[in-house]
Amino acid sequence: MQKIKEFIEGVRKEMAKVSWPSQQELIDNTIIVVVFTIIISAFIFGVDQVYSTILGAIYQ
């Protein structure tokens with residue numbers, strides 16, 4: 001039981017050291033991630049369509 005208490009106390013001390021982002025930073029970073037995910041997804045979709053068209057023409 002003592003080890004559990006020590007562990008929890010250690011976790012609390014380490015969590016106090018964490019630099020948490022502000023709400024605005026969190027929103028900005030989330031928007032960046034979503035936008036880049038959409039861009040990369042569109043790129044992969046486009047490449048897949050080109051390859052599918054080329055392979056479809058080859059195998060007909």
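Author: Here are the labels for this model, one by one. The model is a predicted one, where local features need pLDDT of at least 70, side-chain atom pairs count only at pLDDT 80 or more, and totals for chains, interfaces and linings use all residues. Residues are numbered from 1 along each chain as its sequence is written, and side-chain values use heavy atoms, with hydrogens and water left out.

Reader: How many helices and strands are there in the chain?

Author: Two helices and zero strands. Both kinds are DSSP runs, numbered from the N terminus: helices are H or I with at least four residues, strands are E with at least two. Helix α1 covers residues 2–17, and helix α2 covers residues 23–59.

Reader: What makes Tyr51 exposed?

Author: Exposed means over 50% relative accessible area, buried means under 20%, and partly exposed is in between (1.4 Å probe, protein chains only). Tyr51, in helix α2, has 53%, so Tyr51 is exposed. Phe43 is in helix α2 too, and at 56% Phe43 counts as exposed. Ile40 has 47%, so Ile40 is partly exposed. Buried residues make up 0% of the 60 in the chain.

Reader: Why is the contact between Lys17 and Glu14 called a salt bridge?

Author: The label needs a side-chain nitrogen of Lys or Arg within 4 Å of a carboxyl oxygen of Asp or Glu. Lys17 and Glu14 have 3.3 Å, N to O, and that meets the rule. The count comes to one salt bridge. Both residues lie in helix α1, three residues apart, about one turn of the helix. Lys17 is exposed at 63%, while Glu14 is partly exposed at 45%.

Reader: And what makes a nonpolar surface patch?

Author: Its members have over 30% relative accessible area and no salt bridge; nonpolar side chains (Val, Leu, Ile, Met, Phe, Trp, Tyr) are joined within 5 Å, and like charges within 9 Å. Here a patch of about 860 Å² is made by Ile27, Ile31, Ile32, Val35, Phe36, Ile39, Ile40, Phe43 and Ile44. Ile40, for one, has 47%. Areas come from the Shrake-Rupley method with a 1.4 Å probe, and for residues only the protein chains shown count as cover. The chain exposes about 5900 Å², with 69% of it supplied by carbon and sulfur atoms.
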